[in-house]
Amino acid sequence: METPPILDAARWQRGIDLGAHWVARGQVTALTCLTGTTAGTSEAFHLGSVDVAGARPLPTEPIYLVASITKPIVALGALLLVERGELTLGDRVADFLPEFGRNGKYGVEIRHLLTHTSGLPDMLPNNGDLRAAQAPLEGFLSDTCELPLSFPPGRGVQYQSMGFLVLGEIIARVAGCSCQKFLKDEIFTRLGMVDTELGAPDDWFAGTPTPLERLVEVRLTPEQAAAVDWNWNSRYWRQLGAPWGGLLTTAADLGRLARCLLRLGRLENDTPLFSPATVLTATRNQLEAFREVPDVERRTRPWGLGWRLNWPAHSANFGDLLGPRTYGHWGATGTVLWLDPDRDLFTIILSSQPQEPTGHFLAKLSNVVAAAWV
């Protein structure tokens with residue numbers, strides 16, 4: 001048996017010092033990092049403030065809007081239904097959402113939604129208008145159902161947030177409850193993810209203290225700052241529960257999920273939450289089997305089922321020191337989660353600083369943390 005990795009204290013301190021440097025210079029206003037193995041976790045470090053202005057220091061367990069880290073968690077919800085015989089990856093979306101089958105979309109399968117091969121767009125052409133009108137998820141879904149595809153399903157790769165909107169609706173229709181409730185009951189509660197919600201409930205906005213007081217304010221991009229009623233820090237967006245990017249959670253809660261996945265789906269008490277077959281299928285390169293997907297995508301930008309695998313020629317977000325079987329996801333608000341099953345490692349970096357498309361701060365800190373395990 002290989003010797004388990006050990007977190008070198010001096011190397012870990014380099015990560016803390018690097019983050020503190022960014023916060024001191026105002027480059028990042030809030031930063032949390034947690035790393036660990038199946039045996040245990042580091043003590044998380046929390047730097048900066050809850051608000052962008054710097055008036056309130058981060059609490060012990062700050063809550064972050066993690067944006068697209070939501071996607072693989074919604075994918076896990078769908079895969080629970082696959083485990084239970086309620087779905088197969090080859091099922092047509094239109095069999096569950098008949099209204100979706102218009103304009104050339106009849107051939108889209110659930111596996112296409114999970115692998116970004118559906119031909120759906122990342123965002124709708126009228127995305128800004130819908131958000132400005134504070135539309136519910138049904139409004140986004142209705143307009144998605146009317147869209148044509150960018151290419152026939154399975155013949156290309158295009159990052160598609162709207163595919164996860166559709167996936168969330170399929171979960172709701174099959175499970176008989178909202179995607180939000182299904183994930184909470186079937187995943188979050190069972191894992192002890194006590195500070196995690198797909199969309200903040202109303203009670204977060206009433207009384208004191210509330211989890212809302214621990215919710216980190218995102219430093220807004222110019223486009224977001226102009227959208228007072230629907231930006232990342234608005235009540236509308238925090239409560240929408242977008243299946244493509246609306247998850248609110250803590251590093252500690254994500255750590256519970258990460259350790260479960262490294263144990264191939266088992267909880268701390270050894271009870272299975274996910275089947276090992278599910279975890280292994282979700283985290284291997286699914287594009288290899290798509291004959292009409294361009295070879296460069298299959299080889300250099302692989303996807304699992306909801307999970308982005310390691311792209312060795314790209315430093316963005318994940319950094320440069322991770323193994324070939326690493327998987328995870330990043331978020332536009334300045335977040336990243338990765339797991340390296342070969343080294344039995346995970347790392348969670350949550351920040352308030354949007355970094356797309358380069359993930360510059362995330363990649364640098366990721367490198368330092370990966371190198372701290374010896």
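How many residues of strand β9 (residues 335-340) are buried? The count is 6 of 6, and the strand is mostly covered.

1. Basis. This is a predicted model, where local features need pLDDT of at least 70, side-chain atom pairs count only at pLDDT 80 or more, and totals for chains, interfaces and linings use all residues. Residues are numbered from 1 along each chain as its sequence is written, and side-chain values use heavy atoms, with hydrogens and water left out.

2. Faces of β9. T335, L337 and L339 point one way; V336, W338 and D340 point the other way. All are buried (under 20% relative accessible area; exposed is over 50%, partly exposed in between; 1.4 Å probe, protein chains only). In a regular strand, side chains alternate between the two faces of the sheet. Strands here are DSSP runs of E, at least two residues, numbered from the N terminus.

3. β8 side. Strand β8 (residues 327-331) and β9 pair antiparallel over 5 bridges (pairing needs at least two DSSP bridges between two strands). G331 stands opposite T335.

4. β10 side. Strand β10 (residues 345-351) runs antiparallel to β9, joined by 6 bridges. L337 faces I348 across this pairing. Here the hairpin has 4 residues between its strands, and D344 in the turn has a positive phi of about 60°.

5. Cysteines. The disulfide count is 0 (a disulfide is a pair of cysteine sulfur atoms within 2.5 Å). C145 is buried, with a relative accessible area of 2%. C33 is also buried, at 0%.
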